[in-house]
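Subject: Structure handover

Hi,

Here is the structure you asked about. My notes follow below it.

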Amino acid sequence: MDKGNRKKVGLLGGNFNPIHHAHLMMADQVAQQMNLDKVLLMPENIPPHVDEKETISAKHRVKMLELAIKENPRLGLELIEIERGGKSYSYDTLKLLTEANPDTDYYFIIGSDMVEYLPKWYKIDELLKLVTFIALRRTDTISKSPYPVTWLDAPLLPISSTMLREMFAKNIEPTYFLPQNVIDYIKTEKLYKKNDPDRSSFCLNFQI
């Protein structure tokens with residue numbers, strides 16, 4: 001196959017509980033700086049953490065993502081981990097994606113804080129054969145890793161999903177922290193309210 005015709009697609013995985021402007025900025029900057037055809041936001045089904053925690057239902061997280069990216073043609077969704085179910089291991093996901101899309105080169109986007117943890121990722125050596133890691137520099141110090149990582153510079157947005165959930169629980173509207181249509185959806189669906197039956201334990205995003 002002519003490599004000049006290959007697609008270049010970025011993947012930004014996470015819980016997105018909820019999606020916010022730090023996620024969106026990261027995805028958009030990588031798309032532009034790496035000249036990618038698209039960056040797909042990929043919500044995980046069950047985080048592959050040792051200390052397993054619950055999150056809100058996938059339907060709400062997917063809907064918030066749809067609302068957040070609908071005005072940006074550089075961004076899209078990849079729902080393979082939601083559709084597959086079970087724990088969301090990146091190796092399993094990339095194996096399926098590369099087999100289904102042999103004409104596509106994938107770029108996996110991570111925060112700088114995750115670089116030093118790459119040796120602990122499930123089947124990391126096999127994963128590196130399937131994907132190129134892109135890391136956004138958050139500080140002046142670059143985390144060392146025995147694995148190849150492409151570093152990019154982007155503005156730091158000190159926003160976390162945990163912080164936003166806590167704000168919603170206290171009835172504080174996080175205006176400008178995330179798209180207004182996502183805020184409106186959260187309020188309409190009464191997500192993150194204390195004692196809400198659809199609100200389970202908070203889940204930290206492993207990348208943000």
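Lys-190 is exposed, because its relative accessibility is 51% and the cut-off for exposed is over 50%. This lysine sits in the segment after H7. Most residues other than glycine have a negative phi. Bear in mind that this is a predicted model.

Tyr-176 also has a positive phi, near 75°. You will find Tyr-176 in the loop between helix H6 (161-169) and helix H7 (180-189). With 74% relative accessibility, Tyr-176 counts as exposed.

The peptide bond from Asn-17 to Pro-18 is cis, with omega near 5°. Most peptide bonds are trans. Pro-18 lies in the loop between strand E1 (7-14) and helix H1 (21-33).

Now the sheet. It is open and has 6 strands, in the order E3-E2-E1-E4-E5-E6. The pairing is parallel. E3 and strand E6 (150-153) are the edge strands, and each pairs on one side only. From one strand to the next, the twist averages 35°.

What joins strand E5 (residues 131-137) to E6? The link consists of 4 bridges, and the two strands run parallel. Arg-137 stands opposite Asp-153 in E6.

H2 packs on the sheet and touches E2 and E3. Its direction makes about 160° with that of E3. Helix H4 (residues 90-100) lies across E1, E2, strand E4 (104-111) and E5. H4 runs at about 155° to E4.

A closer look at H2 (residues 58-69). The helix has 12 residues. From its first C-alpha to its last it reaches 17 Å, close to the 16 Å expected at 1.5 Å a residue. Which residues of H2 are buried? They are His-60, Arg-61, Val-62, Met-64, Leu-65, Leu-67, Ala-68 and Ile-69. What covers them includes H1, strand E2 (38-43), strand E3 (75-77), helix H3 (80-84) and H7.

Last, confidence. The protein averages a pLDDT of 88, and 86% of the residues score at least 70. Over residues 196-208, the pLDDT is below 50. That stretch still has 53 contacts in the model beyond near neighbours in sequence. Where pLDDT is low, the predicted coordinates should not be read in detail.

Best wishes

Note on methods. Residues are numbered from 1 along each chain as its sequence is written. This is a predicted model: local features need pLDDT of at least 70, side-chain atom pairs count only at pLDDT 80 or more; totals for chains, interfaces and linings use all residues. Side-chain values use heavy atoms; hydrogens and water are left out. Buried means under 20% relative accessible area, exposed over 50%, partly exposed in between (1.4 Å probe, protein chains only). pLDDT is the predictor's confidence in each residue, from 0 to 100. Contact means heavy atoms within 4.5 Å. The expected span of a helix is 1.5 Å times one less than its number of residues. Two strands pair if DSSP finds at least two bridges between them. Axes are lines fitted to C-alpha atoms, for helices over the stretch in contact, and angles run from 0 to 180 degrees between N-to-C directions.
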